[in-house]
Amino acid sequence: MTHAMLKGANVPLDATAVRAVLRWSPGQGVPDVDASALLLGPDGRVRSDEDFVFYNQPRHPSGKVWRLGKKRVPEGLTDTVQADLSGIAPEVSRVLLVASADDITFENVPALRMFVYDAASDGSEPVAHFDIKPETGAETALICGELYRRGDGWRLRAVGEGYSNGLVGLATDFGISVDESAEPATAEPAPAPQPAAPSFPLPPQQPPGYGYPPTPATQPAPPSQPAYGYPQPVAAVAVPDPAFRLPPQGPQFIGR
């Protein structure tokens, strides 16, 4: 049986693992939406920055909460977070299920809905679903729902409350240390002018053979062409690991 939840409603969860799926309708002017999760302790805050599972940190170190990524379905686009409730550390009392947009308000996101499935089932019918309607429409991040402990089990609550300052504001409110600073690029000094190379007369060219133009000796050989139209592999360039920060949002894993 699927529970059609209203804001503030809660239902018990018999499942030991759940998938929380955000679904929305794409279109002109519709921002990309990302699903995230925050693992909170009894004080309502994260224990460390590692308790933030989002597009730049897609798996919790415990391996019990992770992002499954985005998919295109007949009804629209989805982004999914899965949680192994039976394996979450006992000091975690709540798991927030969050949606965020790329600096565009959720009034521009039509048909936003959250589905929660029993991850151990065939997935054909959700345990619950919740139509998410922002209170003001100016929100750029929303707490869609939360998984919380009740005795020895877990329950699901439909929340639907948001932040106008995006995922950064929401994460900071729950104790995440977000580095928004960006080091300005240092301008490289202009290279010193080089003296012009001496000019030498070129030897006379030989007439082309069979009507084909000659190739000057100084001209570099053309790069070898890839076989059968496949592009040549590009050598990987090592990039140093950046400091913990929130990069610009954008599509991830669409089509998986």
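Rings of Phe, Tyr and Trp (its six-membered ring) count as a pair if their centres lie within 6.5 Å, with planes under 30 degrees apart called stacked, over 60 edge-to-face and the rest tilted. This is a predicted model, where local features need pLDDT of at least 70, side-chain atom pairs count only at pLDDT 80 or more, and totals for chains, interfaces and linings use all residues. Residues are numbered from 1 along each chain as its sequence is written, and side-chain values use heavy atoms, with hydrogens and water left out.

**View 1. F52, F54 and Y55 make up one aromatic cluster.** By the ring rule there are 3 aromatic pairs. F52 and F54 are stacked, because their ring centres are 4.3 Å apart and their planes sit at 10°. F54 and Y55 go edge-to-face instead, since their centres are 5.2 Å apart and the planes are at 70°. As for burial (under 20% relative accessible area is buried, over 50% exposed, partly exposed in between, with a 1.4 Å probe and protein chains only), F52 and F54 are both buried. F54 is at 0% relative accessibility, and Y55 is buried too, at 11%.

**View 2. H60 sits in the loop between β5 (52-53) and β6 (65-73).** Strands here are DSSP runs of E, at least two residues, and helices are runs of H or I, at least four residues, numbered from the N terminus. H60 has a relative accessible area of 7%, so it counts as buried. Its contacts (heavy atoms within 4.5 Å), leaving aside residues up to four places away in sequence, are L39, R47, E50, D51, V53 and V65. With L39, 21 residues away along the chain, the C-alpha separation is 9.2 Å. The side chains of H60 and D51 are joined by a polar contact of 2.7 Å; the term covers a pair of N or O atoms within 3.5 Å, where within protein one must be able to donate a hydrogen and the other to accept it, and residues adjacent in sequence count only if both atoms are side-chain atoms.

**View 3. Two arginines have their charged ends over aromatic rings, R59 over W66 and R157 over Y148.** The rule asks for NZ of Lys or CZ of Arg within 6 Å of the ring centre and within 35 degrees of the ring normal. For R59 and W66 the distance to the centre is 4.8 Å; for R157 and Y148 it is 4.2 Å.

**View 4. Six strands line up as an open sheet in the order β1-β10-β9-β3-β7-β6, with mixed pairing.** Strands pair if DSSP finds at least two bridges between them. β1 (3-5) and β6 are the edge strands, each pairing on one side only. Strands β3 (residues 17-24) and β7 (residues 76-84) are antiparallel over 8 bridges, and V18 has A83 in β7 as its bridge partner.

**View 5. Helix α1 lies across β4, β5, β8, β11 and β12.** These strands belong to an open sheet of 6, antiparallel, in the order β2-β12-β11-β8-β4-β5. The helix runs at about 30° to β11 (axes are lines fitted to C-alpha atoms, for helices over the stretch in contact, and angles run from 0 to 180 degrees between N-to-C directions). In α1 (residues 166-173), the buried residues are G166, L167, G169, L170 and A171.
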